Amino acid sequence: MIPKLLRLIEKSSRFLVAAHRNPDGDAVASTLALSNGLAEMGKDVLAYNADPVPLTFAFLPGAAAMVREVSAESAPFDVGFILDSGELSRAGEHLAGLCTTLVNIDHHRDSELFGEVNFLDPAASSTGVLIHRLLKNCPAYRFSTQVASCIYTAIVADTGSFRFANTDGESFRIAAEMLETGIDPAEISHQLYENQQACTLRLLARALASLEVSHEGRVATVTVTLADMEQTGAGPAHTDSFINYPRSIRGVEVALLYRQEKEGLFKVGFRSRKGIDVGRIARELGGGGHANASGATVAGTRDEVEMIVLERVRAELATGK
Ligand SMILES: [Mn+2]
């Protein structure tokens, strides 16, 4: 797969790099790692996301230049790289029409083969790792501190600072290699974890007040409603790390975050310990993700959604015993 991509990069000059909407750290940082890397190779590159870059990741090199719209005049791009997206619609169906060749680079297990080239590895801790593998193999490319800080951030974000089950030797090896370019890990940690808006903590306080622990302490749930967001001035993007709190409780095997999207619709986030596959639950509900981290959107009131979700969680707890 990599030689094919190297040939494609070599013979092409105009690139679009995109990732899934509502981008997380891996999505933003992988987009910027690849777009900065291609630009350093003298290529013409546009970095795109349908949604704004969350404030937390605004420090990444190139973040300010990311666009939310691609004008028809700027098309066609020789190659469109779609990163971390599982399916094309998560980044934007319209991107296919703007690019001569589409490439899917992803580590989601259920990632669809929507690219003409699909560089997929569900064993990779993050899409950032795959971008590293690609750039590392580009002849004459040497990692700049700009690209290194993006790759390091992507790995830190998706492994929860090297704490989650996907943390592996390759992640540590790449992190070490990136540090050797001169990046500042303490500064990156500061940007990622000590740079929150007060409204995020106010919303977190409400989410924590909603905490419910059930199933003999094996399941913990927090809920964020539209009213919570309205009253604190925080938005959906501020809730990304909230699920880590129920997840952190002793004995909890499945953590759930119910986030109200609108009346009668909830986004459900799942986290689990090894051996309990919440990726399967999310897929059954029309969502996706990994065995230990997944999400789905479910219609119904909060209680109806909970019934639908807990029925499947119970089944999974029974088999995961
Ligand atoms: Mn990812």
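Residues are numbered from 1 along each chain as its sequence is written. Because the model is predicted, local features need pLDDT of at least 70 and side-chain atom pairs count only at pLDDT 80 or more, whereas totals for chains, interfaces and linings use all residues.

The C-alpha trace of the protein spans about 55 × 40 × 40 Å along its principal axes. The radius of gyration is 20 Å, which agrees with the value near 20 Å for a compact globule of 321 residues; it is taken over C-alpha atoms, and the globule rule is 2.2 Å times the number of residues to the power 0.38. Of the 321 residues, 45% are buried (20 or more other C-beta atoms within 10 Å of the residue's own, with C-beta atoms placed from the backbone). Among contacts between residues at least 6 apart in sequence, 61% join residues at least 24 apart; a contact requires C-beta atoms, placed from the backbone, to lie within 7 Å.

The domain assignment gives domain 1 (2–193) and domain 2 (199–319), with bounds that come from an automatic or database domain assignment. The centres of the two domains, taken over C-alpha atoms, are separated by 27 Å. Eight residues from domain 1 and nine residues from domain 2 make the contact. On the side of domain 1 that touches domain 2, two residues are nonpolar, three polar and three charged (nonpolar: Ala, Val, Leu, Ile, Met, Phe, Trp, Tyr, Cys and Pro; charged: Asp, Glu, Lys and Arg; polar: the others, Gly among them).

The secondary structure comprises 12 helices and 11 strands, defined as DSSP runs (H or I, at least four residues, for helices; E, at least two, for strands) and numbered from the N terminus. Five strands form an open sheet with parallel pairing, in the order β2-β1-β3-β4-β5; strands pair if DSSP finds at least two bridges between them. At the edges stand β2 (44–48) and β5 (117–120), each with a single partner strand, so one side of each is left without a neighbour in the sheet. The twist from one strand to the next averages 20°, with angles running from 0 to 180 degrees between N-to-C directions and axes being lines fitted to C-alpha atoms, for helices over the stretch in contact. Strands β3 (residues 77–83) and β4 (residues 99–106) run parallel and are joined by six bridges, and Gly80 has Leu102 in β4 as its bridge partner. Helix α1 (residues 2–11) packs on this sheet against β3, β4 and β5, its direction making about 130° with that of β5. Helix α2 (residues 25–40) also packs on the sheet, touching β1 (14–19), β2 and β3, at about 170° to β1.

A further open sheet has six strands in the order β6-β7-β8-β9-β11-β10, with mixed pairing. Its edge strands, β6 (212–214) and β10 (288–289), each pair on one side only. Eight bridges connect β8 (residues 254–262) with β9 (residues 265–272) in the antiparallel sense, and Leu256 stands opposite Phe270 in β9. Helix α12 (residues 302–319) lies across β7 (219–224), β8, β9 and β11 (293–299), at about 155° to β8.

Helices α4 (residues 127–136) and α5 (residues 145–158) have axes that come within 7 Å and cross at roughly 145°. Residues of α4 in the contact include Ile131 and Leu135, and those of α5 include Val147 and Ile151. By class, this contact has seven nonpolar, three polar and no charged residues.

Conventions. Contact = placed C-beta atoms within 7 Å. Buried ≥ 20, exposed ≤ 12 C-beta atoms within 10 Å, placed from the backbone.
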